[in-house]
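Subject: Structure handover

Hi,

Here is the structure you are taking over. Please open it alongside this note.

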Amino acid sequence: MKRFAAVLLLILTAVALLAVTASAATTTTALSVRTGPGQFETVTVNTASLEVDGQLLQTDVPAFVYRSRTMVPIRFISDALGANVEWNQDALQATITTTDKTIVLTIGSATALVNGQSVELPDGVPAGVVKWDGKESTMVPLRFVSEQLGAEVAWDGGT
């Protein structure tokens, strides 16, 4: 229970810092977003720095705001919440698992499977594979994955 509370506190801190950093971010970058089999969309996005307890975290592909949703590398959020990740290349699906939750996200799909039940993704923003600076990463909506894994997320529109 203490470990869960510590991880939850870490995530809440990260989310709070993401909101503040994202609003202050002035850096934009172009990304190639894979939204389905053979489907790519080039977008220009605002990047967001990831900080936890004042320490800047480096990820291969930066967190960014895409169609009103903060997208983060799947490994970042899964590791932070103690979940495992598996990738199915043939189905273009990422599966996040904990002892009591299974989330299946399909690239380009506006729905996810949560413990076998279909759930609509907020604002229809799907998971996507992103290419940036020669690197590739599966990006997922921060709020959706965090809340499905039991973390509380707050947004301060003023900052």
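Below is what was found in it, topic by topic.

**Confidence**

This is a predicted model. The mean pLDDT of the chain is 77. Of its residues, 72% reach 70 or more. Strand β10 (residues 111–114) has the highest mean pLDDT among the elements, at 98. Helix α1 (residues 2–24) has the lowest, at 38. Over residues 1–26, pLDDT stays under 50. The model still has 37 contacts beyond four places in sequence for that stretch. Where pLDDT is low, the predicted coordinates should not be read in detail.

**Cavity**

The search of the whole structure finds 1 cavity of 30 Å³ or more. The lining has 10 residues, and the closest to the centre are Val33, Tyr66, Met71, Pro126 and Gly128. Which strands supply at least two lining residues each? They are β1 (28–36), β5 (63–66) and β12 (128–132). By class, the lining has 8 nonpolar and 2 polar residues. No charged residue takes part in the lining.

**Salt bridges**

Side chains of opposite charge can pair when their charged atoms come close. The search of the whole structure finds 3 salt bridges.

- Arg69 and Asp123: the closest N and O atoms are 2.9 Å apart. Buried or exposed, for Arg69? Arg69 has a relative accessible area of 19%, so it counts as buried, the cut-off being under 20%. Asp123 is at 52% relative accessibility, so it counts as exposed, the cut-off being over 50%.
- Lys135 and Asp133: their side chains meet at 3.5 Å, N to O. Lys135 is partly exposed, with a relative accessible area of 33%. Asp133 counts as exposed, at 57% relative accessibility.
- Glu147 and Arg143: their side chains meet at 2.9 Å, N to O. Both residues lie in helix α3 (residues 142–148). They are 4 residues apart, about one turn of the helix. Glu147 is partly exposed, with a relative accessible area of 39%. Arg143 is also partly exposed, with a relative accessible area of 25%.

**Ser137**

One more residue to look at. Ser137 is in strand β13 (residues 135–141). Its relative accessibility is 15%, under the 20% cut-off, so Ser137 counts as buried. What does Ser137 touch, not counting residues up to four places away in sequence? The list is Val61, Pro73, Gly128, Val129 and Val130. Gly128 is one of the residues closest to the centre of the largest cavity as well. Ser137 and Pro62 are 75 residues apart in sequence. In space they are 9.6 Å apart, C-alpha to C-alpha.

**Where to start**

Begin with the cavity: Val33, Tyr66, Met71, Pro126 and Gly128 are the lining residues closest to its centre. Then go to the bridge between Arg69 and Asp123. Keep in mind that pLDDT stays under 50 over residues 1–26.

Best wishes

How values were computed
Residues numbered from 1 in each chain as written. Predicted model: local features only at pLDDT ≥ 70, side-chain atom pairs only at ≥ 80, totals over all residues. Heavy atoms only, no water. 1 Å grid on protein atoms, 1.4 Å probe; cavity = no way out; pocket = protein on both sides within 12 Å on 5 of 7 lines; lining within 4 Å. Points joined across faces, edges and corners; volume = space filled by probe spheres on them. Nonpolar A, V, L, I, M, F, W, Y, C, P; charged D, E, K, R; others polar. Buried < 20%, exposed > 50% of the residue type's maximum accessible area, 1.4 Å probe, protein only. Contact = heavy atoms within 4.5 Å. pLDDT = per-residue confidence, 0-100. Salt bridge = Lys/Arg side-chain N within 4 Å of Asp/Glu carboxyl O.
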